[in-house]
Amino acid sequence: DGDLMCVSRVGNMKEPLARAYSGNDGKSWSKVEQLEPWGVAPQIQRLNNGVLVISTGRPGLWNWFSLDRRGENWQPFDLMAYHNSVLGDQYPIKADIKDIATDHQTTAYTAMVEASPNRIFLVYDRNPLGWKALPPDSKDQSQIFLIEMVVERI
């Protein structure tokens, strides 16, 4: 409808994201509302077909989808569970929030771009020792993964 929507993290990792709207190119903003999606470093994209997608992380890796124009209702997709179902034997990711420095095998930061209409490229990482550097003699390595998603309205 021409409004700008701003989505941001507030509070801890599991607290709902915040959202505000501007109808005047960002000169003023609506009162902040809570969204169902949660996590760190949210990125939002409105796809060519009108679907809103938010990617977040920590704990885990998530995508959230909304079919309505203003993002009132959201459906989560557990990207980490998907990753582990496809690559878990070779490159498992665990994300225990007890100690992010040692129990997370991802920074849980994501980036995404709509590469072509309704086709997203999403990037995330796997770090075997969490936030700790790998020893120089380690046979393991940190990886960057790119996943392609095609989002269709049903």
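## Aromatic pairs

Six aromatic pairs occur in this predicted model, where rings of Phe, Tyr and Trp (its six-membered ring) pair if their centres lie within 6.5 Å. Planes under 30 degrees apart count as stacked, over 60 as edge-to-face and the rest as tilted. The pair of Trp 38 and Trp 62 is edge-to-face because the ring planes stand at 65 degrees, with the centres 5.4 Å apart. Trp 38 belongs to strand E3 (residues 33–38) and Trp 62 to strand E6 (residues 61–66), so the contact ties together parts that are 24 residues apart in sequence. Strands (E, at least two residues) are DSSP runs, numbered from the N terminus.

Both tryptophans are buried: Trp 38 has a relative accessible area of 14%, and Trp 62 has 18%. Buried means under 20% relative accessible area, exposed over 50%, and partly exposed in between (1.4 Å probe, protein chains only). Phe 77 and Tyr 82 form a tilted pair, since their planes meet at 45 degrees, with ring centres 6.0 Å apart. Phe 77 is partly exposed at 31%, as is Tyr 82 at 37%. Ring pairs also link Trp 38, Trp 62 and Trp 64 into a cluster.

## A charge over a ring

The charged end of Arg 70 sits over the ring of Tyr 21, at 3.6 Å from the ring centre. The criterion is NZ of Lys or CZ of Arg within 6 Å of the ring centre and within 35 degrees of the ring normal.

## Salt bridges

The structure holds five salt bridges, each a side-chain nitrogen of Lys or Arg within 4 Å of a carboxyl oxygen of Asp or Glu. One of them joins Arg 19 to Glu 72, with the closest N and O atoms 3.6 Å apart. Arg 19 is in strand E2 (residues 16–22) and Glu 72 in the loop between E6 and E7, 53 residues apart. Arg 19 is buried, at 3% relative accessibility.

Glu 148 and Arg 119 meet at 2.4 Å, N to O. This bridge links strand E10 (residues 143–150), which holds Glu 148, with strand E9 (residues 119–126), which holds Arg 119. Glu 148 is partly exposed at 44%, and Arg 119 is partly exposed at 27%. Asp 140 and Arg 126 form another bridge, at 3.8 Å, N to O. Asp 140 lies in the loop between E9 and E10, and Arg 126 in strand E9, 14 residues apart. Here Asp 140 is partly exposed at 36%, whereas Arg 126 is buried at 5%. Salt bridges that share partners join Arg 19, Glu 33 and Glu 72 into one network.

## The largest pocket

The largest pocket has a volume of about 270 Å³. On a 1 Å grid over the protein atoms alone, a pocket is an open set of points where a 1.4 Å probe fits, with protein on both sides within 12 Å along at least five of seven lines. The volume is the space filled by probe spheres set on the points.

Its lining comprises 13 residues, of which Phe 65, Leu 67, Gln 75, Val 151 and Glu 152 lie nearest the centre; lining residues have an atom within 4 Å of a point. E6 and strand E7 (75–78) each supply at least two lining residues, and E7 gives the most, with three. By class, the lining has eight nonpolar, three polar and two charged residues. Ala, Val, Leu, Ile, Met, Phe, Trp, Tyr, Cys and Pro count as nonpolar, Asp, Glu, Lys and Arg as charged, and the others, Gly among them, as polar.

## Basis of the values

Residues are numbered from 1 along each chain as its sequence is written, and side-chain values use heavy atoms, with hydrogens and water left out. In this predicted model, local features need pLDDT of at least 70 and side-chain atom pairs count only at pLDDT 80 or more, while totals for chains, interfaces and linings use all residues.

Terms used: Helices (H or I, at least four residues) and strands (E, at least two) are DSSP runs, numbered from the N terminus.
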